[in-house]
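Trainee: Could we go through this model together? I would like to know what the terms rest on.

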Amino acid sequence: TLDCAGTCNGAAILDGNNYTNISYSATIQPIFDTNCTGCHGGSADLFLDTYANLILGNVVSSGDSINSQLIKKLKGTAGTQIPQNKDPLGAQIITLIATWIQEGALDN
């Protein structure tokens, strides 16, 4: 088991090809801050600037990343892929977010 500090600032654990113990505040929110809150931080119908706003947006199905609207949008399988007007997030980052959702989408 390795600490994947280069990918997620030490907040998640890489075990083989799988991430576990993903922290919202240390791993997920920084991804949103870097890639999403420019559009979804106060000027759109979906706000990704805080955990509360993310949950209120109804785009995360806790424990079910496959049916979470957020993952579908990140992968481009539900309408326009996000982030718009930027390069899509890499598979590794989407996997981090999906695993966090699978682990219960906790505010940790």
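Mentor: Start with the residues N35, C36, G38, C39, H40, L48, K73, T80, I82, P83, Q84 and K86, which line the largest pocket. The model is predicted: local features need pLDDT of at least 70, side-chain atom pairs count only at pLDDT 80 or more, and totals for chains, interfaces and linings use all residues. Residues are numbered from 1 along each chain as its sequence is written, and side-chain values use heavy atoms, with hydrogens and water left out.

Trainee: What makes a residue part of a pocket lining?

Mentor: A lining residue has an atom within 4 Å of a pocket point; on a 1 Å grid over the protein atoms alone, a pocket is an open set of points where a 1.4 Å probe fits, with protein on both sides within 12 Å along at least five of seven lines. N35 and K86 are among the residues that meet this.

Trainee: How do you know which residues L54 is in contact with?

Mentor: Contact means heavy atoms within 4.5 Å. Leaving aside neighbours within four places in sequence, L54 meets that with Y24, F32, F47, L48, V59, V60, L70 and W100.

Trainee: What is the average pLDDT of the protein chain?

Mentor: pLDDT is the predictor's confidence in each residue, from 0 to 100. The protein chain averages 84, and 80% of the residues score at least 70. Over residues 1-10 the pLDDT is below 50, although this stretch has 21 contacts in the model beyond near neighbours in sequence.

Trainee: Why be careful with such a stretch?

Mentor: Because where pLDDT is low, the predicted coordinates should not be read in detail.

Trainee: How do the pocket lining residues divide?

Mentor: Five are nonpolar (Ala, Val, Leu, Ile, Met, Phe, Trp, Tyr, Cys and Pro), two charged (Asp, Glu, Lys and Arg) and five polar (the others, Gly among them).
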